Structure formats: C-alpha cells, structure tokens
Amino acid sequence: MVRRNDQRRAALVDAAIEVLAKEGARGLTFRAVDAEAAVPAGTASNYFGSRDDVLTQAGARVYERLQPDEATIARQRAAGRDRETYAELMRELVSRVASFRTGYLALLELRLEATRRPGLRKVLTERVRADLDANVAYHQESGLPGDATAVKLLMLALNWLIVEQLTLPDVFTEAERDQLVAAAVERIVAAE
C-alpha cells in the first residue's frame, strides 16, 4: 500500500532529485533515497510503487520547483516591453534555473533515462511540451517583442548555456554568460 503523507512524499522526491544529480539514474534506488532523506530504510518503498514512479515524480517536482514565484511574475508583467527588458528577464531565468543545480542535473539524467523508458519519455515529453506552450502563450500575452519561434529558439539556446554553466562552470564567466544571454535575445528576437 502506498502512503499518503504529502510532506514526507515531497521530502522523499526532493531526496530522489539529489540522488539523481549526485549518482545518476543508475544510482537511484529506494535505499539511496532513504539515505538521502535521512529516513528509516524501507520508507521510500512505502511511498512509491516502483522506481519508475520515483523517476516520474522527481521530474514533475523539478518543474514545480523551477516555477517563478508570484512576486517574480508580477514584476515581469510590470516590466517594459523591449528587447533590453526581455534580455533581463532571460538573465533572471538562467540564474533561477542554474541556482537549482541539482534539479537541472536531475532533469538531464531523467532525459537520458527517458531514451530507455518509454513511459518516462511520454511523461517528460508531455511536461516539456506543456511548459513550452505555456511559455509561448505567456510571451504572446505579455506583449514582449518576438514570436513563438523566437521563444523556442531562446529556450534551446539558453538550455545549453545552463548545461555549460552547471557541468563545466569555468567555460564562461558570469559576465560572459550575461553577455551571451543579451546577444541571444538581440540576434533571435526581431526588433519591433
């Protein structure tokens, strides 16, 4: 029987994210999750029906934790509607995502694992597609310059910049990263 203590489940999923980031998908076991969460052995197996269940919930939790808070959304909505403002919003996004290092690394592990697990691939594809669609819709509603293609191209470019930042942090300085974000916006987003 699967347990329903939501706080404990969240703590276990957060522990799974840490294990994925540190040990990779092959290191994700119920025992490893229990150890990372500092709970008695066997606890994770009481909360998850399978390893696939842990993988799927870890992916969902990373996206949940990457969402901007209401204050950030309100500040973005009140900001200007030019490319300079757009570049600042993208710098904030890159910083927010990069600051949750273990979450993003766990997502990379989940993406690799999805190549071998059709169920996980389906879940991640649906989640990424929904996130992309939400970003395009937000962009169109916001009045920022550029179109849906610009949003998609920025997502692709900035995701790789984040990968560089998290896996090989000495490739670019923080100033270079900020310049690259500004250049991506400048080159991808057409002037109004």
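Contact means heavy atoms within 4.5 Å of each other. The model is predicted, so local features need pLDDT of at least 70 and side-chain atom pairs count only at pLDDT 80 or more, while totals for chains, interfaces and linings use all residues. Residues are numbered from 1 along each chain as its sequence is written, and side-chain values use heavy atoms, with hydrogens and water left out.

**Exercise 1. The chain as a whole**

Task: State how many helices and strands the chain has, and what share of its contacts between residues at least 6 apart in sequence join residues at least 24 apart.

Solution. 
- Step 1. Helices (H or I, at least four residues) and strands (E, at least two) are DSSP runs, numbered from the N terminus.
- Step 2. The chain has 10 helices and zero strands.
- Step 3. Among contacts between residues at least 6 apart in sequence, 69% join residues at least 24 apart.
- Step 4. The C-alpha trace spans about 55 × 35 × 30 Å along its principal axes.
- Step 5. Of the 192 residues in the chain, 38% are buried; buried is under 20% relative accessible area, exposed is over 50%, and partly exposed is in between (1.4 Å probe, protein chains only).

**Exercise 2. Salt bridges**

Task: Count the salt bridges, then say which parts Glu92 and Arg75 tie together.

Solution. 
- Step 1. Side chains of opposite charge can pair when their charged atoms come close.
- Step 2. A salt bridge is a side-chain nitrogen of Lys or Arg within 4 Å of a carboxyl oxygen of Asp or Glu.
- Step 3. This rule gives 14 salt bridges.
- Step 4. In one of them, the closest N and O atoms of Glu92 and Arg75 are 2.7 Å apart. Glu92 lies in helix α6 (residues 83–99) and Arg75 in helix α5 (residues 70–78), so the pair ties together parts that are 17 residues apart in sequence.
- Step 5. Glu92 is partly exposed at 22% relative accessible area, and Arg75 is partly exposed at 43%.
- Step 6. Arg83 and Glu186 form another salt bridge, at 3.0 Å from N to O. Because Arg83 lies in helix α6 and Glu186 in helix α10 (residues 174–188), this pair joins parts 103 residues apart in sequence.
- Step 7. Glu126 and Lys122 pair at 2.6 Å, N to O. These two residues are four apart in helix α8 (residues 118–142), a separation of about one helical turn.
- Step 8. Glu126 is partly exposed at 43%, whereas Lys122 is exposed at 51%.
- Step 9. Salt bridges with shared partners join Arg26, Arg51, Asp52, Glu113, Arg116 and Arg117 into one network.
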